[in-house]
Amino acid sequence: MSKIKVMNEDLANKIAAGEVVERVMNVVKELVENSIDAEASIIKVELFESGVKEIKVTDDGIGMDKEDSIMAFSRHATSKLKTLDDLFNINSLGFRGEALPSIASVSNVLLKTSDGKVGTMVTLEGGIVKEVKSCDLVKGTSITISNLFYNTPVRLKYLKSLYTELANVSDYLSKMALSYPSIKFILINDSKELINTSGNGDLLKTINNIYGLVVASKMMEIKGENDDYKISGYISYPELSKSNRSGITLLVNNRYVKSNEIVRCILDSYHTYIFKDRCPYVVLKIEVDPFLVDVNVHPTKMEVKFSKMDSLTNLINKVISDRLSNKTLIPKAIEENVEDNYYEDKLEVNYEVNDRIVDKDKKVEEIKFDFDITKKEFENKEIDNIEIDNNIEELNPRLKEMRPIGIVHGTYIICENPDGMFIIDQHAAAERINYEKYYHALSTHSKNTIDVLIPYKIELPNNEYLILEKHFDILKELGFNFEEFGSNTIIIRSHPTWLPKYAPLEAIKKIIEVIVNNEDFDEDKFNEKVSITLACKMSIKAGDVITMPDIEYLLSELRKTKNPFTCPHGRPTIITYTKYDLEKLFKRAM
Ligand code: ZN
Ligand code: ZN
């Protein structure tokens, strides 16, 4: 029986066929999705001159009989879609069948296919069938599209550079490989192999095939579900990041999709773990009832919308934050030397390596210093009066105890413990500690205030004062007691206790600066901005002289933080040379 059914007119009209074949990538996409629908386990894409000269897609799928192989090129024929409703059922790849006639109309096509009973070969030129004959019987389909756009010179002009066309195909196939780890994908351009995935069903293995071992070894598995959604996949350690979002792959019911909202949610979840403007590697699989997927989906843009978006973003946020807060995330100073992408056994060993088990009973022996400890006290640059949840240290010692050795370049604290040697950036570490304290104080609406002996007088430029005036409520909410005093001036009589004691006026000015320069008064974002600004300005700087007791204090406070590994801007606070790294460097170990 024919597997292809004729689409009804309504559906046909909904699809703008022309849009589907603008790029080499669109042609490859159409052919590859046909192969997937045909249950292929191997899909090989061969390009010549980035596909502009020739595109050949070969699969080992179920193939077609003679009738279907001719029908495949007639307009409005499709095996996948019967009604409009099917279009939005994201379980099917959809839109199959429509584009093939469009592709054929602007190229030369050679189709060889066999369903295991008959082998058929169809030749077309500019969409016209030139020849149909029998051919050999290897089950599967191979389709060759050559001279794309040969009869429409205008379109040809719009093809981008060969490099761009190839990059788009490669990106698309990478995403497909990640969507279908059980299918082996091969991409070859001008006889050069660019992608070759194992197709063994293992997603991490596929990540290794696509991004290489360095990336695969720094991915951690995630999993979670709620009433509406189920998510799974892999996310990278924060130390591994890219300057763009191309390392983020979203799959909805196995279909590769794009969603700015979800990407934003992922980036938010990495919040302060990752350097500003950097993006992690993420392969996120979302399983959902198709009814929750918004129907206003454009077929070629791969954009989706979910009707219960909050439920989904909450789940993603929770799962990623939990995962990040459950790992020891100290970047190693020395990268593993990786030359080859394909050594599986190495991969097995590596990717849980950072999951160190924290040994609570192991106490670091008495600390001794040959260091001048009489220097001035930490310049009072700590914040007191704030109850930080001291249980965190007990429950979640993400950082093992370390013995401080000394400081180099007035900035980097050297420590050791049985695991190895650690280097801590004193500013970044102090910034993280202070950030969490300020943020805690702000978000718990800590209302303890202190009266100042001599009230602070703060005068602002007129334009700034006008903005501040509009947000007096925010200052009050923060715990400031103040009054207007003449023109463009306020007098502050008391302030919250959590302000740094040694420079409250400076801190107040910073807070006012944030208020005046802020458009977004979302409470969380505002609190965060104030906390980061204060933490950065009020923490010990690189080069500031600190004493051993200061260091000890810094280390113990750092161990109490929720995320001791990065400063609030996402820079690392600590890196390590493991004991093994050192042994290797000195050739004690090979
Ligand atoms: Zn800073
Ligand atoms: Zn920072």
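**View 1. Leu124 in strand S6.** Leu124 belongs to strand S6, residues 119-125; strands (E, at least two residues) and helices (H or I, at least four) are DSSP runs numbered from the N terminus. The model is predicted: local features need pLDDT of at least 70 and side-chain atom pairs pLDDT 80 or more, while totals for chains, interfaces and linings use all residues. Residues are numbered from 1 along each chain as its sequence is written, chains are lettered from A and ligands numbered from 1 in the order written, and side-chain values use heavy atoms, without hydrogens or water. Leu124 has a relative accessible area of 0% and is therefore buried (under 20%; exposed is over 50% and partly exposed in between, with a 1.4 Å probe and protein chains only). Its C-alpha atom is 9.0 Å from that of Phe73, a residue 51 positions away along the chain.

**View 2. Strand S8 and its two pairing strands, S3 and S5.** All seven of the seven residues of S8 (residues 140-146) are buried, so the strand is largely enclosed by the rest of the structure. Side chains in a regular strand alternate between the two faces of the sheet. In S8, Gly140, Ser142, Thr144 and Ser146 point one way, and Thr141, Ile143 and Ile145 point the other way. S3 (residues 54-59) pairs with S8 in the antiparallel sense over six bridges, where pairing requires at least two DSSP bridges between two strands. Val57 has Ile143 of S8 as its bridge partner. S5 (residues 108-114) also pairs with S8 in the antiparallel sense, over seven bridges, and Lys112 stands opposite Ser142.

**View 3. Ser311 in helix H11.** Ser311 has a relative accessibility of 17% and therefore counts as buried. The C-alpha atoms of Ser311 and Asp228 are separated by 7.1 Å, although the two residues are 83 apart along the chain.

**View 4. The zinc ion (ligand 1) and its protein donors.** His427 (NE2), Glu431 (OE) and Cys536 (SG) are the donors, at 2.1 to 2.4 Å from the ion; donors are N, O and S atoms within 2.8 Å of the metal (3.2 Å for Na, K and Ca), and sites may look incomplete without water. Their spacing along the chain is H-x3-E-x104-C. His427 lies in helix H14 and Cys536 in helix H18, so this pair ties together parts that are 109 residues apart in sequence. His427 is buried, at a relative accessible area of 11%.

View 5. Glu431 (OE), Cys567 (SG) and His569 (ND1) are the protein donors, lying 2.1 to 2.3 Å from the ion. The donor spacing is E-x135-C-x1-H. Glu431 in helix H14 and Cys567, in the loop between helix H19 (548-560) and strand S22 (574-578), are 136 residues apart, so the pair links distant parts of the chain. Both Glu431 and Cys567 are buried.

**View 6. The largest pocket and its lining.** The pocket holds about 1,500 Å³ of space. Here a pocket is an open set of points on a 1 Å grid over the protein atoms alone, where a 1.4 Å probe fits, with protein on both sides within 12 Å along at least five of seven lines; lining residues have an atom within 4 Å of a point. Grid points are joined across faces, edges and corners, and the volume is the space filled by probe spheres set on them. Of the 45 lining residues, Asp268, His271, Thr272, Tyr435 and Glu528 lie nearest the centre. Helices H10 (260-269), H11 (309-324), H14 (426-443) and H18 (523-538) each give two or more residues, and H18 has the largest share, seven. Domain 2 (218-325) and domain 3 (346-446 + 498-590) both contribute, so the pocket lies between them; domain bounds come from an automatic or database assignment.
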